[in-house]
Amino acid sequence: MFPLEEKSTNNTCSGYWDQHPHTILYNILSCRNSGYPKHLNSTVHSCHCEQKRAVYLKDPHATCQVASSVLVKTICFMRSLPSFSQLPSGDQLSLLRQCWVPLFVLGLAQEKMVFEITDMPNSSILRQILLGSGLTEKEAKQPTFAGVHNLRTCLHHVWNLDLSPKEYAYLKGTMLFNPAAEGLSASLFVEGLQQEAQRALQEVIHHLNPKDNGRFSHILQAASAIQTVSHSLVTELFFKPVIGNTNMLHLLTEMLFLK
């Protein structure tokens, strides 16, 4: 059976902070001002120009602090699963690379996180349209209104389902054990773990919502939509203001394989 139990009941992985007290994420999480925006700007612009405009967080300090906390809980969830820890390190890294963003977005949903955005200073929509691929690499990676709108839509889909803690846990399992991840040496074993997680999710749904025959498919649809959120959007929007030019995957690998 897919193991739901974790090695530790504390999702904050305090050992990581004890051994690495001066990491970037620790410094953020240690800040005194832990508040974050409570109002979600859900204005939808139909104009294609508006969709492409570059945006950034209105309150990056507070929002990045909350996002960092969610990221730590995400990595701790992965580390806490015996079935994941028993995989070859190369397969763990492949799953990390493939799945950290969907799991992080699901974590944002579970934490009910909201955030506000604003237009990037000196951002020219006309320049982006006319130059297209002629934009610099930095400009091309900047979060867009369309990307953020897609992320918010995914969050609202999950919120509307009102998932229980167990549903969140097993859904994370189905998303983590992705046999389609590149570079897996034990893809059949990973596929079996995903199937076990799906069966466990179905059992929980049947127990909690026995009359809702469509709930399982609706949850999987929400999970599929989350897969459309790009890695670059999440990295640039929530973590670039903090880590600067630090390689995000290198940081995640350090957290995952911390002894």
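A residue counts as buried when its relative accessible area is under 20%. By that cut-off, 16 of the 21 residues of helix α4 are buried, and the helix is mostly covered. The model is predicted.

**Overall fold**
- The protein chain has 14 helices and two strands.
- Of its 259 residues, 44% are buried.
- The accessible surface of the chain is about 13200 Å². Carbon and sulfur atoms hold 52% of that surface.
- Take the contacts in the chain with a separation of 6 or more: 87% of them join residues 24 or more positions apart.

**Helix α4**
- Helix α4 covers residues 60-80, which is 21 residues.
- From first C-alpha to last, α4 reaches 29 Å. That is close to the 30 Å expected at 1.5 Å a residue.
- An α-helix has 3.6 residues a turn, so residues three or four places apart point the same way.

**Cysteines**
- How many disulfides does a search of the whole structure find? The count is zero.
- Cysteine 64 has 1% relative accessibility, so it counts as buried against the cut-off of under 20%.
- Cysteine 99 is also buried, with a relative accessible area of 1%.
- A disulfide is a covalent bond between the sulfur atoms of two cysteines. To be counted here, the two sulfur atoms must lie within 2.5 Å.

**Arginine 215**
- Arginine 215 is in helix α12, which spans residues 215-226.
- Is arginine 215 buried or exposed? Its relative accessibility is 7%, so it counts as buried.
- Which side chain makes a polar contact with the side chain of arginine 215? The partner is glutamate 167, at 2.9 Å.
- A polar atom of the arginine 215 side chain also lies 2.8 Å from the backbone oxygen of leucine 161.
- Leaving out residues up to four places away in sequence, arginine 215 touches Leu161, Asp162, Leu163, Glu167, Ile205 and Asn209.

**Threonine 174**
- Threonine 174 sits in helix α10, residues 165-176.
- Its relative accessible area is 6%, so threonine 174 is buried.
- Which residues does threonine 174 touch, not counting those up to four places away in sequence? They are Gln194, Ala197 and Gln198.

Definitions and conventions:
Residues numbered from 1 in each chain as written. Predicted model: local features only at pLDDT ≥ 70, side-chain atom pairs only at ≥ 80, totals over all residues. Heavy atoms only, no water. Buried < 20%, exposed > 50% of the residue type's maximum accessible area, 1.4 Å probe, protein only. Helix = DSSP H or I, 4+ residues; strand = E, 2+ residues; numbered from the N terminus. Polar contact = N/O pair within 3.5 Å; in protein donor to acceptor, adjacent residues only side chain to side chain. Contact = heavy atoms within 4.5 Å. Areas by Shrake-Rupley, 256 points an atom, 1.4 Å probe, with all protein chains shown as cover. Expected span 1.5 Å × (residues − 1).
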